[in-house]
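Look at the structure first, then read on.

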Amino acid sequence: MSVPMLLTPMEAQSPDEHMQNCAAFANGAALVYGTGNELESAAAACKPTLREFNVRLELPLGPEERLGLTGDAKALGEWQLSRSVPLESLDELNWQATVPMQSCRQLEYRYFVYVEDRSGYKQIRRWETHFKPRSLGPCSELQCSQLDVFGITADNSDLKPQVHRGWLNHEVILQLKFNGEKMFQVHDIETFDPQHVQLKVVPVEQTAGLQVEYSKQEYGKSQLDQQPTFGVPYTKGDIIIFHITLPLERMMQQHFRLECYSMSNELLGSANLLSADLTGSEGLLHLPIKSAKDAEETLARLRLPYVVVQPYRYSPLDFKTTYAHYWPRSWPSLDVGHRGNGKSYIADAPAERENTIASFLSAHEHHADMIELDVHLTADGVPVIYHDFGLRTAPPGKQISRPDQLEYVLIKDINYSLLKRLRIFSVIAGKVVEYPSHNAESRPEHRIFTTLVEVLVQLPKSLGIDVEIKWPQRRQGGGSEAEQTIDKNFFADKVLHQVIQNGCGRPIIFSSFDADMCTMLRFKQNIFPVMFLTQGETKKWQPFLDLRTRNFMAAVNNAQAFELAGTAPHAEDFLGDNAPEMLKKAKDLGQIAVIWGDDCNSEERVQYFARIGATATCYDRSDLYMPPAKQDAFFKSPALMAEFAAQCRI
């Protein structure tokens, strides 16, 4: 065996720092107080030592991949990626690092797999995501050795590794999406048949930190994987997402080639694309597929949607802990208050208007475990709570008697100060009803357009929050739910920043009907779980254009592909005899399923969805439909609240 490298120099310490590092030992030592020798005994025991970390992999690492180590000690980088400790490869499965530390130091640590780009920035490929990090007690020897298995700790009762993909730091994700029904326009079906083709994305320039993977979304097989030699088989109706990771510095310079092969592995043609042509966070590429035999011949034209995921733009995140997959199976089926205590711009509405502090508190008073709320971004970048993309309004003083006298304005076009002044109307059974504007409401907790920060600060920590990000969807039949001109990365970062700064220490989960927004929320951060919200196979609304939204299993597959916590499916999908089996399929993949919709709105239905295996049920009127046997909200427990304290990074 080779002599291990000493990777981190001994830290220079003042006497005060030295004694502080010895505190963990002193607190646990068997000292007799009052003799005057306690500090002398502790200081003598707290001495330099070598900590040897040995870890074994189940499979060899990929090209350019290395193993890293980080932890709560300064010598281990204090959970920071930039200061982490690299391990040395002893052979293809065994890695080692020796780190000089203080002998009395109690340690917490994790391992992770990374690659380095040409600028020396690390990309986290995979990391250990146990709720509690690994831990080591003080070491009384000159050298202490530790043997671990990557991904498996004492918490893994089933001995299955708990490892997930990392979050973005100095790299971006580009996704090319075959997720629609009419992707190709073909000139000659005999020379190019889009029903029987294999697709492959090839980087023209190779560079460190560049990786192309794909997900072909099928139940249980949707995980990202390396491309086959002759591409991924594709036919109409398939959902294939090419997932490309590349360094930030290459975003405006990288060329790719989309190669199209026949089912007999013959190259039919290809299309070229340049990353600099990708404008904004998302868009649609129009690519000519040129013949491999004649570069002047166009075989087909491809309409290819894309999304670009940028790293979270505010403070860097760390390895300390993660709640992205934390939803213990021991938890009961939870009750979630839809928009608080329910929809209000309807007949027979609750006393509190929806999406207000008063409505959220009312749901909690009636034992709701969580509430769901809807987040928009105003024109000046303020995250506000409101359901619809826009609102009906009218000029001050104008008398309104008919719906056609109202104006409709989008929240994304209005500054927050103006939004608070606008008159608010709804049309109920053909009749125009006016409600108090934000500024006209004298009771602060009843004001509409409360900000996300106000909600996070004012609601009790024991009330969990489902933060739904509102993003308009394109419909199958044409058109969109609403216009959106705000950049998607900007939107996601604004909301994430406020939640990370003000929302820690409580149960929080993100959700969105937009599959790409879910992908962004997943890869921009490592703290909170993300659910893919879907309307499924419904008769109530027109289907969305994205095939991933069309049914429950498509949503489950997408959640598996990008390691989401699970889905929030529509209740209409679960009224048949196969409902328990459908939910079991999601649970078998480790996913949660929070069921929502008008079909949840009765005491009998709430209990039915809990009985068939829903992780939670989101419904209106907690005051009317809460199970009568329930005595209190689930998270009103000091022990449970203590579990969420480590979310707080500030």
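C504 is buried, with 10% relative accessible area. Its partner is C648, and the two form a disulfide in this predicted model. C648 is partly exposed, at 29%. The pair joins distant parts of the chain, 144 residues apart. C504 lies in the loop between α7 (488-502) and β30 (508-512). C648 lies in the segment after α13 (638-643).

How many disulfides does the model have? The count is two. The other links C139 and C144. Here C139 is buried, with a relative accessible area of 4%. C144 is buried as well, at 15%.

| Disulfide | S-S distance | Angle about the S-S bond | Hand |
|---|---|---|---|
| C139 and C144 | 1.5 Å | 75 degrees | right-handed |
| C504 and C648 | 2.1 Å | 100 degrees | right-handed |

Now take a cysteine without a disulfide. C618 is buried, with a relative accessible area of 5%. Why is C618 in no disulfide? The nearest cysteine sulfur, that of C600, is 7.4 Å away, and a disulfide needs the two sulfur atoms within 2.5 Å.

Next comes helix α4, residues 357-365. Seven of its nine residues are buried, so the rest of the structure largely encloses this helix. The buried ones are I357, A358, S359, F360, S362, A363 and H364. Just after α4, H367 takes a positive phi of about 80 degrees.

Technical notes:
Residues are numbered from 1 along each chain as its sequence is written. This is a predicted model: local features need pLDDT of at least 70, side-chain atom pairs count only at pLDDT 80 or more; totals for chains, interfaces and linings use all residues. Side-chain values use heavy atoms; hydrogens and water are left out. Buried means under 20% relative accessible area, exposed over 50%, partly exposed in between (1.4 Å probe, protein chains only). Helices (H or I, at least four residues) and strands (E, at least two) are DSSP runs, numbered from the N terminus.
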